[in-house]
Amino acid sequence: MTSTRWSIKETTLMGLFAALTVVGTSIRVPLPALVGNPFFHFGLPILSLAVLTLGFFKGSLAGGIGFAIFDILNGFAAEAPYFVLESFVVGAALSLAYSRLQKYDDKVWFIPTIMFFAAIAKIIMTFLKNLAIQLMMGNAFGVSAFASFSTLYITVINAIAAIIIVSLLYKPVKALTSKMLY
């Protein structure tokens with residue numbers, strides 16, 4: 001029988017990443033859009049760093065909890081379950097890209113490349129969420145698709161920022177968390 005217990009250090013790091021996700025998402029710049037109340041924030045880079053340092057499940061869970069806490073505290077409680085799901089989808093894309101390209105982890109393009117796949121997953125999830133919202137509001141599919149597509153620039157801005165931030169911070173964060181865990 002194998003142990004599925006998490007160490008206190010892992011649990012502490014998960015809590016730290018969840019708290020950082022709340023804080024990073026709280027630092028926001030509202031942007032105009034046809035759907036929802038989007039804003040530029042630092043949540044995606046923190047989620048990505050959590051996944052890259054703690055692994056898929058623990059990192060995605062930490063980021064998802066952080067996003068859920070942020071949503072509940074800021075009047076977006078109805079969206080909290082979606083952002084937990086999105087954290088796992090983005091985390092899965094990032095983990096899959098990492099595992100497929102791991103032999104190149106010493107290359108300078110490694111982190112930006114795997115972050116590109118996480119960014120694509122984030123953009124797709126955002127489009128689908130906004131499309132569903134528009135369809136539930138009773139709009140025709142074409143109108144819904146256009147409205148959803150027109151808000152993607154905000155997600156693209158967040159995704160590009162996440163690629164840059166994670167590319168700069170991955171090695172120092174990985175070194176710090178490795179010292180804490182081992």
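**Close-up views of a predicted model**

**View 1. Leu 128 sits in helix α5, which covers residues 110-136.** Helices here are DSSP runs of H or I with at least four residues, numbered from the N terminus. This is a predicted model, in which local features need pLDDT of at least 70 and side-chain atom pairs count only at pLDDT 80 or more, while totals for chains, interfaces and linings use all residues. Residues are numbered from 1 along each chain as its sequence is written, and side-chain values use heavy atoms, with hydrogens and water left out. Leu 128 counts as partly exposed because its relative accessibility is 45%; buried means under 20% relative accessible area, exposed over 50%, and partly exposed in between (1.4 Å probe, protein chains only).

View 2. The whole structure holds 10 aromatic pairs, where rings of Phe, Tyr and Trp (its six-membered ring) pair if their centres lie within 6.5 Å; planes under 30 degrees apart count as stacked, over 60 as edge-to-face and the rest as tilted. Phe 56 and Phe 88 are edge-to-face, because their planes stand at 80°, with ring centres 5.8 Å apart. Phe 67 and Phe 83 form a tilted pair, with centres 6.3 Å apart and planes at 45°. That pair also ties α3 to α4, across 16 residues of sequence. Both of its members are tucked away: Phe 67 is buried at 8% relative accessibility, and Phe 83 is buried at 13%. Phe 56, at 32%, is partly exposed. One aromatic cluster brings together Trp 6, Phe 56, Phe 57 and Phe 88.

**View 3. Phe 76 is found in the loop between α3 and α4.** This residue is buried, with a relative accessible area of 18%. Leaving aside residues up to four places away in sequence, Phe 76 touches Arg 28, Asn 37, Phe 39, Phe 70 and Asp 71; contact means heavy atoms within 4.5 Å. Asn 37 is 39 residues from Phe 76 in sequence, and their C-alpha atoms are 9.8 Å apart.

How values were computed: Helix = DSSP H or I, 4+ residues; strand = E, 2+ residues; numbered from the N terminus.
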